[in-house]
Amino acid sequence: MSTPDLNAGALPHLTATLLRHGSQSTTRDLFGYEGQFFTVPGTFPDGLPDHIGFIAVAYAVLRTTASATVTDEFTVRDVDGYRQILGTPGNDQDATIRSALDELAERRRAHGREVEHNRVQVLGLPAVPPVRIGHSTTGTCVLHVLCSCPHVEGLAAHFEHVSLAANWLDESPARSWELCATAPTHVTIPHGGGRLTATLRDSKGTAVVEIQHSTGHREAVALAEVSDLT
């Protein structure tokens with residue numbers, strides 16, 4: 001099954017169940033209504049600045065009944081947040097989903113504008129953040145930190161925070177990854193600092209960097225624990 005292109009106007013695939021916390025759940029399990037789930041990728045909507053990254057988010061389209069009529073009404077709610085209504089409920093399922101996607105697109109665009117404004121006008125940082133991820137020709141994920149490369153072939157995304165980059169890397173825990181050759185190798189962590197000597201994954205598949213301290217001691221640190229302080 002091919003992935004629908006929401007940016008081209010396609011509707012998302014609908015599924016009867018959603019994997020959560022190791023088990024399959026239905027909309028009746030989570031919301032008390034019949035319905036289906038769909039997922040919006042982080043690449044939606046098209047046209048966001050390259051360095052604004054989102055993770056995929058699941059939503060439920062529920063078949064509810066309006067209070068003033070027996071006609072079926074469809075409502076879209078987020079699954080993992082506050083379960084708020086997204087878009088405008090309506091009597092047509094496709095139109096209700098499109099309304100939800102329109103609202104989500106505007107939220108993400110507004111977030112992108114806010115991030116850009118805060119980086120430049122509030123924090124005085126460069127418009128393009130220092131962390132981004134691309135793919136090597138071998139399919140390896142490449143993490144670019146304070147990267148000065150003018151262009152990265154096959155660039156997947158830019159990320160505002162290292163933790164977001166870690167989430168992206170860990171979407172495929174079995175995939176090998178490496179640091180860009182131009183990334184700085186000296187790092188500072190809360191209890192010291194040292195030199196980056198290797199990239200790897202721990203027993204859970206989390207992206208990890210190995211740090212060699214000045215004492216010679218080597219330590220593995222999960223990427224999600226590293227802070228982007230620039």
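Contact is taken here to mean heavy atoms within 4.5 Å. The structure is a predicted model, in which local features need pLDDT of at least 70 and side-chain atom pairs count only at pLDDT 80 or more, whereas totals for chains, interfaces and linings use all residues. Residues are numbered from 1 along each chain as its sequence is written, and side-chain values use heavy atoms, with hydrogens and water left out.

By this definition of contact, and leaving aside neighbours within four places in sequence, Tyr59 touches Gln36, Phe37, Phe38, Val40, Val76, Arg77, Asp78, Val79, Leu86 and Leu104. Tyr59 counts as buried because its relative accessibility is 6%, where buried means under 20% relative accessible area, exposed over 50% and partly exposed in between (1.4 Å probe, protein chains only).

A search of the whole structure finds one aromatic pair, the rings of Phe, Tyr and Trp (its six-membered ring) being paired if their centres lie within 6.5 Å, and counted as stacked with planes under 30 degrees apart, edge-to-face over 60 and tilted for the rest. Phe38 and Tyr59 form this pair, which is stacked, with 5.8 Å from centre to centre and 25° between the planes. The pair links distant parts of the chain, since Phe38 lies in strand β3 (residues 34–40) and Tyr59 in strand β4 (residues 57–65), 21 residues apart; helices (H or I, at least four residues) and strands (E, at least two) are DSSP runs, numbered from the N terminus. Phe38, at 2% relative accessibility, likewise counts as buried.

Among contacts between residues at least 6 apart in sequence, 44% join residues at least 24 apart.

Thr206 lies in the loop between β11 (192–201) and β12 (207–213), and counts as partly exposed because its relative accessibility is 21%.
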